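Please keep the sequence and the model in view while working through them.

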Amino acid sequence: KIEHFNASDLENGVKYYVSVRVQFPNGALSKPSKELLVVCNPRGEFELSVRYQSDEDGYSFKKGSYARADGLDNDLYYYTKDNKDYLASPSRLDGFLRTTHFTVLDEKGDLAEVRNRARQLGKVLSADRAMVKKGDWLYLQLPEDVFALLQVLEFQGNGKDRRIKLYYSFSGRVDGELYF
């Protein structure tokens, strides 16, 4: 029999140690299982419009919400050039804005397969923009020594109406380790 338990009021970036015990019909409890380390982090999806075409042209991972492409708290924006799609650092728009570094990963598959590779990267020298296509995974190094994994889910529309849909897993460092 499988039992589920939803833990609430957990904080992102905090280490939690989890174990389970079985209660027998007579009320006796088993020994605790081996502890597992769990670190919560935000995950989800968002869409970006082409820069300056709507209020949803940038995204702030720290706030978990949209930000203007040229906003002070923005982490990335989307643009197209010569029929190619790019994600870019706001610092490309103005050198005083936040700098995000992008690395397109060779890995394909789901988050579990990709996050192990991302953990090995640590701090890497990478570009302030990345050309992207559907299915790509990207490793982002953000200011404040925080990181994100992005997967390009799809593109919609053309020209000024073009949009990119992204999946993300956001992570800070906890005791020097990355948790996505």
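Predicted model: local features only at pLDDT ≥ 70, side-chain atom pairs only at ≥ 80, totals over all residues.

**Notes on the model**

1. Asp85 has a relative accessible area of 9% and is therefore buried. Asp85 belongs to strand β7, which covers residues 84–88. Leaving out residues up to four places away in sequence, Asp85 touches Tyr78, Tyr79, Thr80, Ala130, Met131, Val132, Phe155 and Arg162.

2. Which side chains make polar contacts with that of Asp85? One is Tyr78, at 2.5 Å, and another is Arg162, at 3.0 Å. The side chains of Arg162 and Asp85 also meet in a salt bridge, with 3.0 Å from N to O. Because Arg162 lies in the loop between β11 and β12 and Asp85 in strand β7, the pair ties together parts that are 77 residues apart in sequence. Arg162 has a relative accessible area of 18%, so this residue is buried as well.

3. The whole structure contains 12 salt bridges. In one of them, Arg98 pairs with Asp75, and the closest N and O atoms are 2.9 Å apart. Arg98 is in the loop between β7 and β8, while Asp75 is in the loop between β5 and β6, so this pair connects parts that are 23 residues apart in sequence. Asp75 counts as buried because its relative accessibility is 1%; Arg98, at 18%, is buried too.

4. The salt bridge between Arg68 and Asp55 has its closest N and O atoms 3.8 Å apart. The two residues are 13 residues apart, with Arg68 in the loop between β5 (65–67) and β6 and Asp55 in the loop between β3 and β4 (58–60).

5. The largest nonpolar core has 22 residues, and Phe61, Leu76, Leu87 and Leu150 have the most contacts inside it. The elements giving two or more residues to this core are β3 (43–49), β6 (76–81), β9 (129–132), β10 (137–142), β11 (146–156) and β12 (163–171). A second, separate core has nine residues, including Val114, Tyr139, Phe147 and Tyr167. As general background, nonpolar side chains in soluble globular proteins tend to be buried together.

6. Phe102 is in strand β8, residues 101–105. Its relative accessibility is 3%, so Phe102 counts as buried. Beyond its neighbours within four places in sequence, Phe102 is in contact with several residues, among them Leu76, Leu87, Ala130 and Leu138. Leu87, with neighbours within four places again set aside, has contacts that include Phe102, Leu48, Leu150 and Ile164.

7. The surface also has a nonpolar patch, formed by Val18, Leu36 and Val38, which together have about 230 Å² of accessible area. Leu36 lies in strand β2, residues 36–39. Its relative accessibility of 55% is over 50%, so Leu36 counts as exposed.

8. Most residues other than glycine have a negative phi. Asp9, however, has a positive phi of about 60°, and the phi of Asn83 is near 60°. Asp9 is in the segment before β1 (15–18), whereas Asn83 is in the loop between β6 and β7. Asp9 is exposed, at 77% relative accessibility, and Asn83 is exposed at 82%.

Note on methods. Residues numbered from 1 in each chain as written. Heavy atoms only, no water. Helix = DSSP H or I, 4+ residues; strand = E, 2+ residues; numbered from the N terminus. Polar contact = N/O pair within 3.5 Å; in protein donor to acceptor, adjacent residues only side chain to side chain. Contact = heavy atoms within 4.5 Å. Core = buried A, V, L, I, M, F, W, Y, C linked by side-chain atoms within 4.5 Å. Buried < 20%, exposed > 50% of the residue type's maximum accessible area, 1.4 Å probe, protein only. Patch = residues over 30% accessible without salt bridge, like charges linked within 9 Å, V, L, I, M, F, W, Y side chains within 5 Å. Areas by Shrake-Rupley, 256 points an atom, 1.4 Å probe, with all protein chains shown as cover. Salt bridge = Lys/Arg side-chain N within 4 Å of Asp/Glu carboxyl O.
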